Amino acid sequence: MNNYITTSIPYVNGEPHIGHALEFIMADVLARAARSRGETVLFSTGSDEHGGKIAEKAAEAGITPKELADKMSATFSDLAKKLQISNDRFIRTTDAGHEQRAQLIWKALEKDIYKAKYTGWYCVGDEAFFSETEVEANKGICPNHNRPYDKIEEENYFFKLSSYSKAVLEAIESNAFVILPDTRRNEILSLLRDGLEDISISRPKDKISWGIAVPGDPHQVMYVWFEALMNYITVLGYPEHADFKTFWPATTQVVGKDIIRFHAAIWPAMLLGLGLPLPQTLYVHGFITVDGKKMSKSLGNYVSPNDIVDKYGVDAFRYYFMRHIPSYGDGDFSWATFEAAYNNELANELGNAVSRTVAMIIKYQEGIIGDIPPAEHDIAQYLAALQACRFDRALDEVWEQVRGLNQYIDQEKPWELAKQQDPDHLREVLAYQASNLLEIADLIEPFMPETAAKITGIFNEGIVRPLEGTLFPKHEA
Ligand code: MSP
């Protein structure tokens, strides 16, 4: 089975933050879990590099947009490496391949494209057009970016989104195109039931020059969103490459809740226009706040994933964001809750289960485990949680096992068995502990690949190979 997984591609106008990291990891868990089921996976991420927002930022820095994009795109690909994201591709929208294929896609959609006068509003911060009603409701100031909307009156190209409203609605209603969670699905259904209007998909070159040229019109560049969405197929080599034929439609596309309209309305309409099938699932995650507050430039409260990883390690980072940010809602990060989760769940619960088991097998049996019984837990709930992108629940399931194992050790008291000279029973108990830890290692692999490999390395050969140091050294406040 083929499995194609994508993240959204972040803008390169700022440093990556924990929201970007969250999305990378979610998609990575899906990719790793699919690989471990034996599926053939293509996992793609990348960076979104055109548009007014990037041009503006570059001008502020006194460099060209391409220079800014080169520098910032690398911070995202470096973050992916640091977080051990197993992406197979990293597409940049300034890649020549993307630019050329985007033009092919534009041409293929020309039957649905027309030129007209656009009168409305634009916010560069959102890279989005807004209607008169929206702008009036916000008294002319974009609430996301605290800046006035730009008034736009210009000739540009439109895409006939309206003619696809009904087909997209039907695909979502019938679950041919699944949107998770239901709250997000309902949100987009109500938008579609109201019907979609045609959208502007280009800007005059004299207003925004940092974009991909509209084929056959030297005066217009493509609207950044219209072009960025295409990355999901240009990266596969649409239209002719074997990867495109093998991997499209996507199995799961992972995006944040602020960009659902682009992914659940505009993108499917573009695909229908191209005569292509829709993705199977769009999974929409929520937003992370920091100490209960929205991350923002004015508050200066962006948290860099690097700082957390440097202090606690990559697996602790991955664990916290997958378990403690609700997969179907918004969540919060604070250093204090992070540290509590690290100490209680990783150091005390998982770390101790491993170190106690290792110590006892060495002390009572000279490191020899003997025959390790096969895994015996029912993992149906864990698998169902992963299938539904409920990363938090999947880890809750694993932690049931971790806690169960610690309770088992406390009840069986191997140290008493050693005193009672009951070596057969002792051997059985310790072998069960090792088996259980190997099973836990398998289950956490998509979430904490390093830890999984360490645990497997300790127990999998019938003889304990102890780690140097501990899995999760405790952090004292
Ligand atoms: N460039 C567009 C996406 C184009 S996809 C064809 C974009 N970039 S972004 O950098 O603004 O956002 C990238 C992803 O990060 C989005 O899915 C967005 O929802 C997510 N997040 C941005 N801030 C976030 C939080 N505070 N919390 C969680 N995710 C957040 O949109």
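In counting charges, Lys and Arg are taken as positive and Asp and Glu as negative, while His and the chain ends are not counted. The place of a charge is NZ of Lys, CZ of Arg, CG of Asp or CD of Glu. On this basis the protein chain carries 47 positive and 68 negative side chains, and the centres of the two sets lie 3 Å apart.

The structure is a predicted model, in which local features need pLDDT of at least 70 and side-chain atom pairs count only at pLDDT 80 or more, whereas totals for chains, interfaces and linings use all residues. Residues are numbered from 1 along each chain as its sequence is written, and side-chain values use heavy atoms, with hydrogens and water left out.

The overall form may be considered next. The protein chain contains 19 helices and 18 strands; these are DSSP runs numbered from the N terminus, helices (H or I) having at least four residues and strands (E) at least two. The radius of gyration of the protein chain, 26 Å, is close to the 23 Å that the globule rule gives for 477 residues, so the chain is as compact as a globular protein of that length. This radius is taken over C-alpha atoms, and the globule rule is 2.2 Å times the number of residues to the power 0.38. Along the principal axes, the C-alpha atoms fill a box of roughly 90 × 45 × 40 Å.

Of the 477 residues in the protein chain, 55% are buried. Here buried means under 20% relative accessible area, exposed means over 50%, and partly exposed lies in between (1.4 Å probe, protein chains only). The protein chain exposes about 20,400 Å², of which carbon and sulfur atoms supply 50%; such areas come from the Shrake-Rupley method with a 1.4 Å probe, and for residues only the protein chains shown count as cover. Among contacts (heavy atoms within 4.5 Å) with a separation of 6 or more, 76% join residues 24 or more positions apart.

Individual residues now deserve attention. Threonine 94 lies in the loop between strand S3 (89-92) and helix H4 (96-108). Threonine 94 counts as buried because its relative accessibility is 12%. Leaving aside neighbours within four places in sequence, threonine 94 is in contact with Glu49, His50, Lys66, Glu99 and Trp210. With the side chain of glutamate 49, the side chain of threonine 94 makes a polar contact of 2.6 Å. A polar contact is a pair of N or O atoms within 3.5 Å; within protein, one must be able to donate a hydrogen and the other to accept it, and residues adjacent in sequence count only if both atoms are side-chain atoms.

The bond from leucine 180 to proline 181 is cis, with omega near -10°, and proline 181 is placed in the loop between strand S9 (178-180) and helix H7 (182-193). The bond from tryptophan 248 to proline 249 is also cis, with omega near 5°; proline 249 lies between helix H10 (242-247) and strand S14 (252-256), in a loop.

Glutamate 127, although not a glycine, has a positive phi of about 50°. This glutamate 127 belongs to the loop between strand S4 (113-123) and strand S5 (128-130), and is buried, at 0% relative accessible area. Glutamine 421, likewise not a glycine, has a positive phi of about 55°, but glutamine 421 is exposed at 66% relative accessibility.
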